[in-house]
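Student: Hi! I would like to take a close look at one part of this protein, please, and then see what else is worth a visit.

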Amino acid sequence: MIKKATRNSFFTSLVLIIFAFMITIVAFYPNRPFLSWDGIFHMSRFSQIAESLKHYQLPAMISLVGGNNNMNAMTSMYPWISNLFVIVPMMFFRPVIAIFIGIFLINVITAINSYLMMRYLTTNKVYRFLGVTLYLYNAYHLIDLYAKFDFGEVTAYAFLPLIVLGLYHVWDNQNNGVLFLSMGFIGVANAHLLSLLIATIVVILIEIYRIIRRKFTFNEFKSFIISAVVSFLGSLFSLLQIVYISTHNSLNMPFKGWNQCSLKETFNDIISNQFHEYFGTWNLGIVMTIIMVFLVVKLLFDKGQIQVWNKYTVAILVLILLIYDVFPLGNKLSSTFMGVLQFPGRLLILATILIIIAFTRYLNSNQINNWRVLLLILLAVVTACSSISTYSNMKYDNLRRASYSLTSKSLNKVINTKTGLMDYVPKAMVNDYSKNTSYNVKTYKVGGDYKRAEYKIVAKKTGEISVPLAYINGVRYIATVNNKREEPKVRQGQVTFYLKKGNNSVIIRSQTSGIWYIIFGVSMITIFTLVLYSLWKLWGLLLTNHTFQV
């Protein structure tokens, strides 16, 4: 029995690894991916973090590498622990190889977590692999991976199935609900704040619904409390850095908006089996769209008893109306709390999960032939790989594809290119910059590393002058001006130095204080404990040949 379970587990693991490798290699060979603005943003901070960790230090709370070279706070305002899948390879390999390894590892984790979710939803192994294929190979995931290069959202996407699995465990009084919920929320919280916000709101809304339906139990309440505590400890470093910087500074945050996807442009991309970086074209791809339409047709035209998958289809329809411009909602929602989402196309992540769950319920109820499902798997893989190849060969077209080819040389160049990014700098600095009243200097970054930035500053006069570099309160600065130690002052959210007329050499260093090492240790101990415990639990399931109940 144990040998048979071991063989089955080996086969499953091999298939998941092959799925992950196929979707990775096709993006890197024979062509290379192209870096988007999101990609440049993430690679800048990953470079600084990787170099810091390589020298056994935590990264400074300000950006000393890239990020428009204005020392903004994006390093501390963007979680990164879950992105160690990319950051650790960057410590040992050339950037392109490191990114390939990182994306492959993220795809492996995505495949494993989605399989765990599917293992709970169905006992049919072919159905399980279909769910994994749809989750891994749908067009929006490919957009995140290779068009947007949004490592934060992609990594959060990898852990969302664990939250779903944890919910099912809690609702069905299974033993592992707290474990899966905690690992899922920690993975999301340490990767992407917006995804954490979406996941938290959705869970709260579901539980409110369960309270209204009188399905909410005390054990459920207890599981959520324990999971919240464990998740907080595992996310402590990321969340406290964000809270600390936010409470000490009035920062210029990313814009609010509700930029819906265009039905017309999306339809064109689906029919032509393409995807683009441009938000107006975001979609789920041919196979997922066909399945979604099928579920909607079943909902509208099937007579008789309401089926279990119908409630998921209703939720999918609500999301589609929010995502696409069926009803233009931009003017109404941009200024509301929902405007922090910026692009409702992000909700395609939720639509993906709901479609997979609904279709799996349908397959279970109707016992669809495995060969038909295998054909659907093949179609999903072929169309996805074809669309990646098409994107790799696409000519540059404004926002429809980034223009930076991913090579080690180009990467080192573009991450230190000024981008005009003014996010996560003091609002006072942005206002002063727009008025253009105090810039009596020209600033050029000439060097630096993970702990210091070197600038050549050309002043038009001698005196105390504000330099267009962010001063983030609560961060320790050590500055050298023309080889003399000088304590930087702050004016209008910018560092201010006494400069001579003409050329000046300014070196700014920053280090993370000791308390953050303790907090980081708490988070990492929590994470490693959960990982070891989960591996022990999975080994126990392997020995007992356990199968989750539907």
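Student: At what angle do the axes of helix α5 and α17 cross, and within what distance do they come?

Tutor: Happy to walk you through it, and please keep in mind that this is a predicted model. Start with helix α5, which covers residues 95-121. Its axis and that of α17 come within 10 Å and cross at roughly 35°. The crossing in which α5 passes α17 is right-handed. On the α5 side, the contact is made by Met117, Met118 and Leu121. Facing them from α17 are Ile356, Ile357, Thr360, Arg361 and Asn364.

For another helix pair, turn to α9 and helix α11, the latter made of residues 218-234. Their axes are 8 Å apart, and the two helices pack at an angle of about 35°. This crossing, too, is right-handed, as is that of α5 and α17. From α9, the contact involves Val178, Leu181, Ser182, Phe185 and Ile186. From α11 come Ser223, Phe224, Ile226, Ser227, Val230, Ser231 and Gly234.

The loop between α8 (151-171) and α9 (177-189) holds Asn173. Asn173 is not a glycine, yet its phi is positive, at about 55°. With 53% relative accessibility, Asn173 is exposed. Compare Met71, another residue that is not a glycine but has a positive phi, here about 60°. Met71 also lies in a loop, between α2 (37-54) and α3 (74-77). Buried means under 20% relative accessible area, so Met71, at 0%, counts as buried.

Let us finish with a strand. Glu454 is part of β4, which runs over residues 452-459. Leaving out neighbours within four places in sequence, Glu454 is in contact with Tyr444, Lys445, Val446, Gly447, Gly448, Val506 and Ile507.

Notes
Residues are numbered from 1 along each chain as its sequence is written. This is a predicted model: local features need pLDDT of at least 70, side-chain atom pairs count only at pLDDT 80 or more; totals for chains, interfaces and linings use all residues. Side-chain values use heavy atoms; hydrogens and water are left out. Axes are lines fitted to C-alpha atoms, for helices over the stretch in contact, and angles run from 0 to 180 degrees between N-to-C directions. Helices (H or I, at least four residues) and strands (E, at least two) are DSSP runs, numbered from the N terminus. A crossing is left-handed if the near helix is turned anticlockwise from the far one by less than a right angle, and right-handed if clockwise. Contact means heavy atoms within 4.5 Å. Buried means under 20% relative accessible area, exposed over 50%, partly exposed in between (1.4 Å probe, protein chains only).
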